[in-house]
Amino acid sequence: MDIKMSTFFARISIATRLLIVGLIPVLAVIYFAAMEMIDTFQERRIALQVGAISKAAPAVSAAVDALAKQRGLMVLALTSKSEADRRRALAQRQPVDAAFGALKSKIGALTEETVGRQAFQALQAGIVVESKIAAQRQSEDSGSATASRTLEAYTAMISDLDQVLYRMIEAQNRAQMIR
């Protein structure tokens with residue numbers, strides 16, 4: 001094999017040899033420059049995704065806070081059977097609705113491309129909680145809700161939203177590890 005290679009180089013002209021020798025480093029430089037450009041592009045994309053996730057996180061936190069207050073007030077109203085407590089619990093529905101309205105508007109402005117697949121799926125799961133709220137309210141309004149079932153239902157909804165936050169933070173941490 002060495003004999004064939006040496007006869008190959010012996011047959012080609014000096015200009016061709018110089019071209020081959022000079023072309024190898026040039027191709028290597030082009031390769032590494034392209035890799036650096038790809039890495040820079042990916043870092044920028046990840047930074048934009050983390051920024052978009054960061055803007056949605058306060059809306060999820062506000063929804064968790066509003067639901068936690070609703071849970072406490074509704075359980076208090078069901079256990080005390082006081083009309084004043086029931087009015088306070090019903091009044092808390094407005095902040096819950098406002099928090100979920102803000103959450104839906106934040107999520108509506110996002111796409112899988114802007115936040116990444118994992119965070120987008122987590123945010124979409126957060127919207128599902130709103131349908132659970134409607135079912136719980138129907139139970140409360142019909143008088144069939146008990147304190148323990150209400151506590152359990154609201155705790156499950158809060159847990160679902162906490163899971164959304166966890167998955168969003170996990171996506172951010174993964175993005176930072178990639179950098």
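1. Start with α4 against α6 (residues 117-142) in this predicted model. Their axes sit 10 Å apart and the packing angle is about 155°, which makes α4 roughly antiparallel to α6. The crossing of this pair is left-handed. On the α4 side the contact is made by Arg93, Val96, Asp97, Phe100, Leu103, Lys104 and Ile107. The α6 side brings Leu123, Gln124, Gly126, Ile127, Val129, Glu130, Ile133, Arg137, Glu140 and Asp141. By type, the residues of this contact split into eight nonpolar, two polar and seven charged.

2. Next, α4 (residues 93-108) against α2 (residues 14-80). Here the axes come within 9 Å and cross at roughly 160°, so α2 and α4 are roughly antiparallel to each other. α2 goes past α4 in a left-handed crossing. From α2 you'll find Lys55, Ala59, Val60, Ala62, Ala63, Ala66, Leu67, Gln70 and Met74 in the contact. They meet Arg93, Pro95, Val96, Ala99, Phe100, Ala102, Leu103 and Lys106 of α4. The tally for this contact is 13 nonpolar, one polar and three charged residues.

3. Worth a look while you're on α4: which of its residues turn up in the contact with α6? Among them are Arg93, Val96, Phe100 and Leu103, and the list of α4 residues meeting α2 also includes Arg93, Val96, Phe100 and Leu103.

4. Threonine 150 is in helix α7 (residues 147-178). Is this residue buried or exposed? Threonine 150 has a relative accessible area of 0%, so it counts as buried. Setting aside neighbours within four places in sequence, its contacts are Met74, Val75, Leu78, Gln136, Glu140 and Ala145. Two of those names have come up already: Met74 is in the α2 list for the contact with α4, and Glu140 is in the α6 list for the contact with α4.

5. Now for alanine 15, which is also in α2. Its relative accessibility is 55%, so alanine 15 counts as exposed.

6. Last, the aromatics: the count comes to one aromatic pair. Tyrosine 31 and phenylalanine 32 form it, edge-to-face, at 5.2 Å centre to centre with 70° between the planes. Tyrosine 31 counts as partly exposed because its relative accessibility is 48%, whereas phenylalanine 32, at 58%, counts as exposed.

Notes. Residues numbered from 1 in each chain as written. Predicted model: local features only at pLDDT ≥ 70, side-chain atom pairs only at ≥ 80, totals over all residues. Heavy atoms only, no water. Axes fitted to C-alpha atoms, helices over the stretch in contact; angles between N-to-C directions. Helix = DSSP H or I, 4+ residues; strand = E, 2+ residues; numbered from the N terminus. Parallel < 35°, antiparallel > 145°, perpendicular 65-115°, else oblique. Left-handed = near helix turned anticlockwise from the far one by under 90°. Contact = heavy atoms within 4.5 Å. Nonpolar A, V, L, I, M, F, W, Y, C, P; charged D, E, K, R; others polar. Buried < 20%, exposed > 50% of the residue type's maximum accessible area, 1.4 Å probe, protein only. Phe/Tyr/Trp six-rings, centres within 6.5 Å; stacked < 30°, edge-to-face > 60°.
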